[in-house]
Amino acid sequence: MPQQGFYGPISDDVWQRAQKIKLLICDVDGVFSDGRIYLSNSGEELKAFHTRDGYGVRSILTSGFNLAVITGRQSKIVENRMTALGVTHIYQGVDNKFEPYEALLALYGVNPEEVAYIGDDIVDLPVMNVVGLAVSVADGHPYVRQHAHFVTTLNGGHGALRELTDLLLLSQNKFTSAHGMSI
């Protein structure tokens, strides 16, 4: 019988996978942001980040999970945002996301089934294909959505990451404590 999440029903398979997660790895463009890059006349790059995603990251980090980002682009904005959220492992300018993934497994002493990865495009598939919980944002590439265990109801940059962090916290009975609530 499916579990009920805040955003809709969660299959038993996804719920069971989520219960095992200790490390969450995130792509940035298309996950933390909507994938668009704004360039000013002076060449300055701008991105928009959703505050709910940021709160989800903080909640995960204070609940005993580890979190890292791996992104193909290099951006000072990403470094600033992730550092402000408390993310310490930020891999930028990465063509092969599998290499930092393997380094993170060793660093945190976790096995693949204890890792969740959220992405939106083909470059994310090598890691998504080996983790315990592969997640695509709702507006991810169709081929990526087909290979995900779970597809968010929300689009990248519009709360999709928060949807995943809520799922992880709920599945491990950490949601209320992560948000300073008692029921």
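Predicted model: local features only at pLDDT ≥ 70, side-chain atom pairs only at ≥ 80, totals over all residues.
**Stop 1**

Start by showing the strands as a cartoon. The open sheet has 6 strands, in the order S7-S6-S3-S8-S9-S10, and their pairing is parallel. In general, strands of a sheet pair through backbone hydrogen bonds, either parallel or antiparallel.

Which strands stand at the edges of the sheet? Select S7 and then strand S10 (150-151): these are the edge strands, and each has a single partner strand, so one side of each is left without a neighbour in the sheet.

**Stop 2: strand S3 and its two partners**

Now select S3. On one side, S3 runs parallel to S6, and 4 bridges join the two. To see one of these pairings, select Leu23, whose bridge partner in S6 is Asn66.

Next, turn to the pairing of S3 with S8. These strands also run parallel and are joined by 4 bridges.

**Stop 3: strand S8**

Keep Ala116 selected and look towards S9. Strand S8 pairs in the parallel sense with strand S9 (residues 133-136), over 4 bridges. The bridge partner of Ala116 in S9 is Leu133.

Is S8 enclosed or open to the outside? Of its 5 residues, 5 are buried, so S8 is largely enclosed by the rest of the structure. To check both faces, select Val115, Tyr117 and Gly119, which are buried on one side of the strand, and then Ala116 and Ile118, which are buried on the other.

**Stop 4: helices H2 and H3**

Move on to the helices. Select helix H2 (residues 51-61) together with H3. Their axes are 9 Å apart and the helices pack at an angle of about 45 degrees. An angle of this size makes H2 oblique to H3.

To see where the two helices meet, show side chains. From H2, the contact uses Thr51, Gly54, Val57, Arg58 and Leu61, and from H3 it uses Arg81, Ala84 and Leu85. Coloured by class, this contact has 4 nonpolar, 2 polar and 2 charged residues.

**Stop 5: helices H1 and H7**

Select helix H1 (residues 12-19) and helix H7 (residues 160-171). Here the packing angle is about 80 degrees and the axes are 8 Å apart. H1 and H7 are therefore roughly perpendicular to each other.

The H1 side of the contact consists of Val14, Trp15, Ala18 and Gln19, while H7 supplies Leu167, Leu168, Leu170 and Ser171. How many residues of each class does the contact of H1 with H7 have? There are 6 nonpolar, 2 polar and no charged residues in it.

**Stop 6**

The whole structure has 11 salt bridges. Select Lys97 and Asp27, which form one with their closest N and O atoms 2.9 Å apart. The two residues are 70 residues apart: Lys97 is in the loop between strand S7 (89-91) and helix H4 (98-108), and Asp27 is in the loop between strand S3 (23-26) and strand S4 (38-39). Both Lys97 and Asp27 are buried.

**Stop 7: a salt-bridge network**

Now select Asp29, Glu45, Lys47 and Arg73, which are linked in a network of salt bridges. Begin with Glu45 and Lys47, whose closest N and O atoms are 3.6 Å apart in their salt bridge. Lys47 has 12% relative accessibility and so counts as buried. Glu45 counts as buried as well, because its relative accessibility is 17%.

Then look at Arg73, which forms a salt bridge with Glu45, the closest N and O atoms being 2.4 Å apart. Arg73 lies in the loop between strand S6 (66-70) and helix H3 (76-85), and Glu45 in strand S5 (residues 45-46), so this pair ties together parts that are 28 residues apart in sequence. With a relative accessible area of 32%, Arg73 is partly exposed.

**Stop 8: Asn173**

Finish at Asn173, in the loop between H7 and helix H8 (175-178). Is Asn173 buried or exposed? Its relative accessible area is 71%, so Asn173 is exposed.

Check the backbone angles too. Most residues other than glycine have a negative phi. Phi of Asn173, however, is positive, near 55 degrees, and this residue is not a glycine.

Definitions and conventions: Residues numbered from 1 in each chain as written. Heavy atoms only, no water. Salt bridge = Lys/Arg side-chain N within 4 Å of Asp/Glu carboxyl O. Buried < 20%, exposed > 50% of the residue type's maximum accessible area, 1.4 Å probe, protein only. Axes fitted to C-alpha atoms, helices over the stretch in contact; angles between N-to-C directions. Parallel < 35°, antiparallel > 145°, perpendicular 65-115°, else oblique. Contact = heavy atoms within 4.5 Å. Nonpolar A, V, L, I, M, F, W, Y, C, P; charged D, E, K, R; others polar. Pairing = 2+ DSSP bridges.
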